[in-house]
Amino acid sequence: MVFVAPHVGRNLGVGIETGSVLEAFYADDETDPVTASRQERVLFVHEDSLSSAMIGSVTRRWETTVRSYADREELLHEIKLFVVDVMNREFAGDLPRLDGSE
């Protein structure tokens with residue numbers, strides 16, 4: 001899952017929305033191996049100019065990768081890097097595949 005937070009005016013509500021989405025996503029049973037490996041596939045990308053106390057605490061509360069971007073090209077680059085990392089971890093056996101195949 002990729003969660004993108006652009007800076008569109010005031011930051012009011014960014015923390016609330018971020019926390020609500022991630023809390024719901026991580027509410028599943030973390031003892032289930034499928035749920036746990038799914039949670040390692042979460043990327044939160046925020047625009048450089050966006051700041052929020054919630055964004056600062058995302059990695060402390062949830063198993064989530066957080067990156068920032070300056071423009072559209074950098075956003076796409078960060079997403080591609082994350083996807084390639086997940087694919088490489090699956091291929092190397094460091095991260096179980098979600099489809100159950102070996």
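User: In which sense do β1 and β2 pair, and over how many bridges?

Analyst: Helices (H or I, at least four residues) and strands (E, at least two) are DSSP runs, numbered from the N terminus, and two strands pair if DSSP finds at least two bridges between them. Here β1 and β2 pair in the parallel sense, over 4 bridges. Within this pairing, V2 stands opposite L43 in β2. The model is predicted: local features need pLDDT of at least 70, side-chain atom pairs count only at pLDDT 80 or more, and totals for chains, interfaces and linings use all residues. Residues are numbered from 1 along each chain as its sequence is written, and side-chain values use heavy atoms, with hydrogens and water left out.

User: Which strand joins β2 through 5 bridges?

Analyst: That strand is β3 (residues 65-69), which runs parallel to β2.

User: Is β2 mostly covered or mostly open?

Analyst: Burial is read from relative accessible area: buried means under 20%, exposed over 50%, and partly exposed in between, with a 1.4 Å probe and protein chains only. By this reading β2 is mostly covered, with 4 of its 5 residues buried. F44 is buried because its relative accessible area is 0%. H46, also placed in β2 (residues 43-47), is buried at 12%.

User: Which residues does H46 contact, beyond its neighbours within four places in sequence?

Analyst: Contact means heavy atoms within 4.5 Å. With those neighbours left aside, H46 is in contact with A5, I55, V66, R67, S68 and Y69.

User: How many aromatic pairs does a search of the whole structure find?

Analyst: Rings of Phe, Tyr and Trp (its six-membered ring) pair if their centres lie within 6.5 Å; planes under 30 degrees apart count as stacked, over 60 as edge-to-face and the rest as tilted. The search finds 1 aromatic pair. The ring centres of F3 and F44 lie 5.1 Å apart with their planes at 35 degrees, so the pair is tilted. Since F3 belongs to strand β1 (residues 2-5) and F44 to strand β2, the pair ties together parts that are 41 residues apart in sequence.

User: What surrounds F3, and is F3 buried or exposed?

Analyst: F3 is buried, as its relative accessible area is 16%. Apart from neighbours within four places in sequence, F3 is in contact with E17, T18, V21, L43, F44 and V45. From C-alpha to C-alpha, F3 and V42 are 7.6 Å apart in space, although 39 residues separate them in sequence.

User: Which residues form the largest nonpolar core?

Analyst: In soluble globular proteins, nonpolar side chains tend to be buried together. A nonpolar core is a set of buried Ala, Val, Leu, Ile, Met, Phe, Trp, Tyr and Cys residues joined through side-chain atoms within 4.5 Å. The largest such core here has 7 residues: L43, V45, Y69, L75, F82, V86 and L95. The elements giving two or more residues to this core are β2 and α4 (72-92), and the largest share, 3 residues, comes from α4. Not counting residues up to four places away in sequence, L75 touches V4, V45 and Y69. A second, separate core of 6 residues includes L22, F25, Y26 and V58.

User: Is V4 buried, partly exposed or exposed?

Analyst: V4, a residue of strand β1, is partly exposed at a relative accessible area of 35%. Beyond residues up to four places away in sequence, V4 touches V45, Y69, L75 and I79.

User: Which residues does E78 touch, with the same exclusion along the sequence?

Analyst: E78 lies in helix α4 and touches L43, R67 and S68, not counting residues up to four places away in sequence. The relative accessible area of E78 is 13%, so E78 is buried.
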